[in-house]
Amino acid sequence: MLYFDKEHRIHTLESREMVQWKLDLSNADYSQAVTGIGGDRTQILSDGESFFVLPKEALKTSKSSEIPQAELEEIQSFFFSQEAVQAALSVNSDLLKSQDKGSLTYGTTGAKSIYEALRRVGASTDDSFLDIGCGCGLPVLIASKLVGQARGVDIVPSMVEFGQRAATRFGRENTEFLLANIRHLELGRVDIVYVAATTLTEELRETIKEKLSQLRPGAVVITLTYSFQSDALVLVDTFKSPFAWWGSSEPSVHDFLIHIRRAS
Ligand SMILES: C[S@@+](CC[C@H](N)C(=O)[O-])C[C@H]1O[C@@H](n2cnc3c(N)ncnc32)[C@H](O)[C@@H]1O
C-alpha cells in the first residue's frame with residue numbers, strides 16, 4: 001500500500017499494520033464513521049476504492065536508495081552514444097511494416113526523470129520492475145540500481161541486444177531483456193511497471209491497459225504522456241519531466257503519470 005501526502009511525497013506502509021475498512025454505501029451516516037475511526041492517533045487512507053485505518057507511527061517514508069548524480073550521468077551518456085543511436089535505428093523494414101505506423105519510433109526517458117519517478121513510488125529492493133517497450137533499456141538500467149529485479153521487453157532485436165550489452169557493461173546481474181511483442185506478453189508477478197506510451201497507438205495502449213488489470217492490488221504503473229486510468233488503475237500522482245527524442249537538440253517536457261492497481 002502506498003500513501004501520497006499533500007506534498008505528493010510517498011510513504012510505503014506495512015499492510016500488516018492496517019485494518020481494511022470498506023465503506024457501506026447503504027449507510028447514509030458513513031461520514032460520521034470516518035471521523036469516529038480517524039482520531040489523531042490513526043490515519044485514514046484510501047487506494048481509490050477501499051479505505052484503510054492504521055496507526056500514524058506505522059507510516060514510513062520512502063525506502064529508495066540513492067543513485068549519485070555522476071552515476072546517473074554515466075548511464076545516460078552510454079545510452080546517448082553513437083552505438084545506442086545505431087541500435088535504435090536498426091529496425092528491420094519487414095518488422096516496421098508489420099507494426100502500427102510510428103509505434104516503433106524511439107526516444108529515451110532521461111536518467112533523472114525515471115529516477116525521480118522511481119523514488120516517488122518508493123521503489124526498493126523488495127520490488128520488481130518491468131519496462132514495456134523498453135527500447136535500448138535506460139529506464140531498466142536505472143531501475144536495476146533500486147529494485148531487486150529489473151526487466152525490459154521490446155520487439156526490436158537490436159535494442160534488446162543493446163540493453164543486454166549495457167547490463168554487462170554496468171555489471172547489472174539483476175537485469176533481463178526479452179525480445180517479445182507486447183501483444184503476446186504475460187505480465188506475471190511484477191510490482192512496478194513503466195510504459196513510455198508517447199508513440200504507442202491507442203489500440204496498443206488499450207491492449208496494455210487490459211494486461212495491467214492482471215497486476216496485483218497495490219502494484220504501481222508509471223506511464224509517460226497518456227494516463228492509463230481504468231476500472232483497475234487509479235491515477236494518484238503526476239509530474240513533468242524532459243524526454244529526449246533522437247535528432248532533437250532539446251528534450252521536450254512530458255507528463256509522467258503514476259497509477260496504483262486498485263484493490264479488487
Ligand atoms: C518511445 S520508446 C521507449 C523506450 C524506453 N521505454 C524509454 O523510455 O527509454 C517505445 C518503444 O516501444 C517499442 N514497441 C512498440 N511497439 C511494440 C510492441 N508491439 N511490442 C514490443 N515493443 C514495442 C518500440 O520498439 C520502442 O523501443
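Me: Which residues of helix 5 are buried in this predicted model?
Reply: In this predicted model, seven of the ten residues of helix 5 are buried, so helix 5 is largely enclosed by the rest of the structure. A residue counts as buried when 20 or more other C-beta atoms lie within 10 Å of its own. The residues of helix 5 that are buried are Ala-111, Ser-113, Ile-114, Tyr-115, Ala-117, Leu-118 and Arg-120.

Me: Which residue with a positive phi follows helix 5?
Reply: The phi of the residue in question is near 65 degrees. The residue that follows helix 5 with this positive phi is Gly-122.

Me: How are helix 2 and helix 5 oriented to each other, oblique or roughly parallel?
Reply: The axes of helix 2, residues 69–79, and helix 5, residues 111–120, come within 9 Å and cross at roughly 125 degrees. Angles of 65 to 115 degrees count as roughly perpendicular and those over 145 as roughly antiparallel, with angles under 35 degrees taken as roughly parallel and the rest as oblique. The orientation of helix 2 and helix 5 is therefore oblique.

Me: How many nonpolar residues are there in the contact of helix 2 with helix 5?
Reply: On the side of helix 2 the contact involves Leu-72, Ile-75 and Gln-76, which meet Ala-111, Lys-112 and Tyr-115 in helix 5. Among the residues of this contact one is polar and one is charged, and the number of nonpolar residues is four.

Me: How is helix 3 oriented to helix 7, roughly antiparallel or roughly parallel?
Reply: Helix 3 spans residues 82–89 and helix 7 spans residues 157–169, and their axes come within 7 Å while crossing at roughly 150 degrees. Because angles over 145 degrees count as roughly antiparallel, the orientation of helix 3 to helix 7 is roughly antiparallel.

Me: Which residues of helix 7 make the contact with helix 3?
Reply: The residues of this contact divide into five nonpolar, one polar and one charged. Helix 3 contributes Ala-84, Ala-87 and Ala-88, while the residues from helix 7 are Ser-158, Met-159, Glu-161 and Phe-162.

Me: What is the separation of the C-alpha atoms of Ala-84 and Phe-162?
Reply: Ala-84 is placed in helix 3, and it counts as buried because it has 24 C-beta neighbours inside 10 Å. Leaving aside residues up to four places away in sequence, Ala-84 touches Phe-79, Cys-136 and Phe-162. Although Ala-84 and Phe-162 are 78 residues apart along the chain, the separation of their C-alpha atoms is 6.9 Å.

Me: Which element gives the most residues to the shell around the ligand?
Reply: Of the 23 residues around the ligand, those that come nearest are Thr-109, Gly-133, Gly-135, Ile-155 and Ala-196. Strand 7 (107–109) and helix 6 (138–144) are the elements that give two or more residues to this shell. The shell as a whole divides into ten nonpolar, ten polar and three charged residues. With three residues, the element that gives the most is strand 7.

Me: Over which residues does pLDDT stay under 50?
Reply: The mean pLDDT of the chain is 82, and 73% of its residues reach 70 or more. Where pLDDT is low, the predicted coordinates should not be read in detail. The model has eight contacts beyond four places in sequence for the stretch where pLDDT stays under 50, which is residues 28–38.

Conventions
Residues are numbered from 1 along each chain as its sequence is written. This is a predicted model: local features need pLDDT of at least 70, side-chain atom pairs count only at pLDDT 80 or more; totals for chains, interfaces and linings use all residues. Axes are lines fitted to C-alpha atoms, for helices over the stretch in contact, and angles run from 0 to 180 degrees between N-to-C directions. Helices (H or I, at least four residues) and strands (E, at least two) are DSSP runs, numbered from the N terminus. Two residues are in contact if their C-beta atoms, placed from the backbone, lie within 7 Å. Ala, Val, Leu, Ile, Met, Phe, Trp, Tyr, Cys and Pro count as nonpolar, Asp, Glu, Lys and Arg as charged, and the others, Gly among them, as polar. A residue is near a molecule or strand if its C-beta atom, placed from the backbone, lies within 6 Å of it. pLDDT is the predictor's confidence in each residue, from 0 to 100. A residue is buried if 20 or more other C-beta atoms lie within 10 Å of its own, exposed if 12 or fewer, and partly exposed in between; C-beta atoms are placed from the backbone.
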